[in-house]
Amino acid sequence: MRLFRRLKYLLHRGRRERELAEELVFHRDLAEQEQRHAGLPPEEVRRATNLQMGNTTLAREAAHHVWFPAAIEGVLQDLHYAWRGLSRSKALLAVACLSLGLSTGFGTALFNVVNGVILQPVTVTRPDALVRFWVGNGNRISWPNLHDICDQTPSVSCVGHRVDELMWQQRDESIRLFGQAVSPHYFTMLGIQVTQGRVFTSETVRETPDTVLVTHAFWERQLGRDPHVIGRTLVLTGHPYTVIGVLPRGFRSIWGLGIAPSLYLPAGSAARPATTRRGDAEYELLGLLGPGQSLAEFRSRVTARATGLQEAYPVENRGFGRVQTFPFHSLGLFLSSEDQVMRVIVLFASLIVVLVLLLAVIACVNIAGLLVARAVARQREIAIRLSIGCGRLRLARLLLAEGLLLAIIGVGLGGVASIWLARLLVAVPLPFPVPFEVEVPVDLHLFGYLAAMVALTAMVIGVAPLLQAFRVSVVRGTGSAPRAVGFRRWSLRGTLITVQIAMSTVLLVATTLFVRSLWGASQIDPGFDMAHVVTVEADTRSPQLTAAEVGAYYRAAIDRLNNVPNVVAVSGAIVVPLSMGSIVNSLLVDVGSKDRAVTVNSNWILPDYFRVMGIPLRSGREFSETDREDRPRVAIVNETFARRLFAGQSALGQRVRRPASDGNPEPWAEIVAVVADSHYLTLGEEIRPQVYWPFGSGVGNMTVHVRTESGGSGFAQGLQDILTGVDSRVPVRVRPLSSVMAVALFPAQAAAMVLAGLGLVGWALTIAGLYGLVAYTVTRRIPEIGVRVALGATPSSVMRLLLRDGLAIAIVGVAAGLIVASLATPFLSMFLAGVAPRDVTSFSVVAAALILTALAASYGPARRGMRLSPTDALRAE
Amino acid sequence: MGANDRVPPDLLSGTVDLLILKSLAGGQRHGYAIAQYIRASSGDVLELGESSLYTALQRLLLNGWVSDEWGASENNRRARYYRLTSAGRKHLAAQTREFDLVVTAIQRVLRTV
């Protein structure tokens with residue numbers, strides 16, 4: 001309330017002061033009147049009143065300070081004075097605002113987005129109690145096993161989940177969506193709430209299985225914020241589903257990283273019918289430890305149940321006695337997996353922080369440099385102030401006020417820019433259909449951070465000119481000493497520029513090394529060629545199609561595609577790598593005396609697959625059409641497989657087989673080829689052994705892969721039309737492979753973009769700062785130029801002199817900077833992957849750029865100086 | 001009683017505020033009337049200077065204990081009238097109690113032999 005009244009006072013300050021003055025006059029008049037009535041002579045009246053009343057001006061000031069304490073007013077006065085000074089040097093103000101605005105703006109936006117995308121826990125009531133686990137040899141189990149383990153084991157809560165691609169059919173088009181098929185009690189177990197409608201539970205699913213929950217982003221972007229969404233019917237893969245709930249805004253799926261499926265549907269509903277075959281491993285498992293339950297207890301209960309299932313179904317559930325648990329990270333599944341993603345992200349995030357701080361330091365150094373240059377130029381003014389009695393403390397306050405003012409303006413601009421930048425980043429349309437929401441919190445944290453930045457910046461940029469000012473001697477300063485001092489005499493100005501160039505060199509070298517190293521790390525080769533491959537996703541799950549029709553459809557489609565000009569080869573596979581789909585299971589390898597089990601990534605492919613994908617064959621041959629007939633059985637493995645299992649010997653001719661299913665032992669398959677390694681689930685993963693099987697002659701849903709001579713979006717449309725011609729009942733989507741993999745590629749691409757941005761800002765800041773400083777100091781030499789020209793120097797000789805001075809300083813500065821950098825960067829080597837700490841290219845590019853900047857900055861003002869007539873130049877000061 | 005006997009009432013901090021609030025307890029007054037009231041009711045002992053009177057009034061405004069309003073004075077001049085707010089009334093009561101307590105205590109100390 002007091003603050004509010006204070007602000008109101010400030011708003012009406014003029015009126016309030018007039019009122020007080022009027023009131024005082026009124027008071028005085030009445031007092032005088034009273035004295036007169038008391039019979040005092042007129043000349044005595046005023047004196048007596050004054051005696052009684054005291055000093056009116058003091059009264060007014062005291063009253064004013066009630067509202068506006070003197071300390072605050074002093075600071076405001078300093079700021080006002082600082083503003084007057086700064087507003088006269090527009091260039092300084094501009095460079096300062098730009099440097100600080102860019103560095104804080106970019107840094108803050110980055111913090112915001114990193115915070116929004118990565119550092120938010122998944123929406124689950126007890127993330128710490130979650131546990132991922134495998135039963136048997138693979139990461140997935142079948143529907144009947146899921147039911148037996150999660151629904152019928154006392155004191156064990158767990159759910160199954162899998163990501164499904166669904167075709168959402170609207171009037172005239174089909175949209176491909178990611179849905180997550182989950183156990184009916186998924187939401188009740190995880191404690192996830194909805195904002196509209198209700199969640200599905202085991203009970204509701206028993207009555208009405210075909211229900212679906214949509215995310216807020218899906219409701220907003222694809223259902224047009226439909227207010228009557230509850231009860232609306234969505235046709236998914238040919239089956240009508242009823243929307244029963246909308247998940248809240250800011251909901252984070254268990255995947256983390258802000259990635260969420262568009263919708264959730266109960267496993268076992270129409271679009272994802274429950275298979276009763278125990279061998280069909282489909283669902284991944286997520287358990288929830290009960291209150292007070294230990295992980296060991298959970299595991300032993302699951303193991304007991306699974307062992308029972310192994311005894312009941314010894315063939316399908318081979319190896320069920322083995323239960324593995326893995327920690328669940330509260331930031332989501334992507335960061336929980338055993339691969340290196342987590343480490344990469346942590347390292348990446350901390351390096352980003354370092355880079356952002358580097359940018360802030362560059363900005364501060366820029367401004368400090370300019371302020372010191374200005375303080376040098378103002379020696380006379382400062383000396384005069386000192387000599388007429390301005391206290392050093394007061395002077396310090398004035399100079400610090402300049403720093404503070406610049407910091408407030410710059411960081412304020414940066415804050416505004418960051419909000420705008422973060423909104424811009426979030427609004428960038430993402431190349432994949434996964435809804436992706438980033439909230440930009442404009443909250444106290446942000447303001448706290450900005451305030452801290454202001455304080456830090458003000459201190460850093462205020463202290464340098466302060467030290468400089470304290471060295472000013474009153475006697476020398478009031479003379480004309482600072483005028484016409486050339487660079488060559490190693491004046492303070494020259495030293496200042498040298499130091500700034502040296503610091504810029506060090507900072508820029510560090511920034512460049514970081515950016516290059518992270519850039520390299522973000523450009524991981526997936527192991528196959530994405531540029532020339534187009535995928536065809538046909539959805540043949542519609543109930544209208546018979547199995548024979550589906551088989552015929554694929555044969556016809558592949559035939560037609562093979563005849564399209566520009567198509568090099570056509571193949572197909574069940575799993576598209578890096579597209580969130582994965583099949584991990586166990587494999588038995590014939591190693592002499594007894595079979596050895598290994599966990600492998602699996603894929604089923606058509607002939608020509610490796611040619612289409614551009615995965616090099618190391619030895620052996622591709623599958624042929626005859627391999628699809630199942631006899632003799634064949635398989636292809638990757639190099640990691642060959643190296644781990646048949647170290648030293650050739651993998652060709654070795655035998656592997658799948659664990660038995662449906663009661664019959666699988667026949668052995670002979671390895672007919674070894675192919676190069678490629679990534680399967682994420683770019684950051686460690687490569688696992690992988691096995692490729694020939695896609696059987698039977699029916700199946702697969703993704704057709706087409707290798708083209710040159711990709712092109714018009715080409716994709718052409719393929720789309722051809723395939724619609726094959727069978728108009730089958731919805732088809734044709735996309736470049738890179739867009740199918742967008743989810744997996746996104747972190748790397750985003751990282752590369754962010755880094756490029758940071759690097760660019762760093763360079764721009766350094767160059768702008770250095771240019772500003774050099775140009776400023778050369779401008780100060782204009783009187784000297786005038787003297788030289790007046791004494792008969794030719795323009796070209798003066799120009800040569802100035803450029804030579806500039807060059808000498810730049811070279812000394814850069815040399816000093818390079819020496820410091822080469823001493824410092826080895827300490828960074830633990831953060832630098834793939835780039836030598838004394839990387840010659842980085843060093844020389846930075847050196848060249850800075851020297852050129854210094855020269856260019858000398859040239860501009862020097863030319864201006866020479867165009868002035870000598871008399872004007874001499875008067876300039 | 002001569003002018004030298006008149007003392008500014010800032011012996012105890014907060015006393016000026018208390019006196020002003022008390023002077024307004026009977027209804028609204030302008031600044032001069034407040035000063036007169038305090039002088040008269042203290043038997044010409046307490047005299048408020050402009051500076052302390054108007055500073056105190058601004059402080060009371062800032063704290064929301066009094067409100068102000070412009071009106072016509074007895075001799076038809078524009079004058080600013082101050083009036084107690086309900087918060088001011090509560091503050092006055094509390095301060096009066098506290099002041100009594102302190103004064104009694106001080107007297108007790110002074111009279112102790």
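Residues are numbered from 1 along each chain as its sequence is written, and chains are lettered from A and ligands numbered from 1 in the order in which they are written. In this predicted model local features need pLDDT of at least 70, side-chain atom pairs count only at pLDDT 80 or more, and totals for chains, interfaces and linings use all residues, while side-chain values use heavy atoms, with hydrogens and water left out.

## Chains

Helices (H or I, at least four residues) and strands (E, at least two) are DSSP runs numbered from the N terminus. Chain A contains 27 helices and 21 strands. Of its 877 residues, 52% are buried, where buried means under 20% relative accessible area, exposed over 50% and partly exposed in between (1.4 Å probe, protein chains only). Contact means heavy atoms within 4.5 Å. Among contacts in chain A between residues at least 6 apart in sequence, 80% join residues at least 24 apart.

Chain B has 4 helices and 3 strands, which follow the order α-β-α-α-β-β-α from the N terminus. Buried residues account for 39% of its 113 residues. Of the contacts in chain B with a separation of 6 or more, 50% are between residues 24 or more positions apart.

## Nonpolar cores

A nonpolar core is a set of buried Ala, Val, Leu, Ile, Met, Phe, Trp, Tyr and Cys residues joined through side-chain atoms within 4.5 Å. The largest such core comprises 58 residues, and those with the most contacts inside it are A:Ile367, A:Leu406, A:Ile461, A:Ile501 and A:Leu758. Elements giving two or more residues to this core include helix 5 (70-88), helix 6 (90-117), helix 14 (392-427) and helix 23 (742-780) of chain A. Helix 12 of chain A gives the most, with 13 residues. Leaving aside neighbours within four places in sequence, A:Leu406 is in contact with A:Leu86, A:Leu93, A:Ala96, A:Leu100, A:Ile367, A:Leu371 and A:Ile461. A second, separate core has 47 residues, among them A:Val131, A:Val135, A:Phe178 and A:Met189.

## Aromatic groups and a buried glutamine

Rings of Phe, Tyr and Trp (its six-membered ring) pair if their centres lie within 6.5 Å; planes under 30 degrees apart count as stacked, over 60 as edge-to-face and the rest as tilted. Over all chains there are 14 aromatic pairs. One of them is the edge-to-face pair of A:Phe251 and A:Tyr264, with 6.0 Å centre to centre and 80 degrees between the planes. A:Phe251 is in the loop between strand 7 (239-246) and strand 8 (263-266) of chain A, and A:Tyr264 is in strand 8, 13 residues apart. A:Phe251 is buried at 9% relative accessible area, and A:Tyr264 is buried at 0%.

A:Gln180, in strand 3 (residues 174-182) of chain A, is buried with a relative accessible area of 0%. Leaving aside neighbours within four places in sequence, its contacts include A:Tyr186, A:Trp255, A:Tyr264 and A:Leu265. The C-alpha atoms of A:Gln180 and A:Leu265 are separated by 6.3 Å, although the two residues are 85 residues apart along the chain.

A charge sits over a ring if NZ of Lys or CZ of Arg is within 6 Å of the ring centre and within 35 degrees of the ring normal. The table gives two cases.

| Charged residue | Ring | Distance from ring centre |
|---|---|---|
| A:Arg657 | A:Trp668 | 4.3 Å |
| B:Arg78 | B:Trp70 | 4.2 Å |

## Interface of chains A and B

In this interface, 25 residues of chain A are in contact with 27 residues of chain B. The buried area, which is the accessible area (1.4 Å probe) that two parts lose on being put together, summed over both, is about 2500 Å², and carbon and sulfur atoms give 52% of it. On the chain A side, A:Glu23, A:Phe26 and A:His27 lose the most area to chain B, together 25% of what that side buries.

A salt bridge is a side-chain nitrogen of Lys or Arg within 4 Å of a carboxyl oxygen of Asp or Glu. By this rule 5 salt bridges cross the interface of chain A and chain B. A:Glu19 forms a salt bridge with B:Arg80, with the closest N and O atoms 3.3 Å apart.
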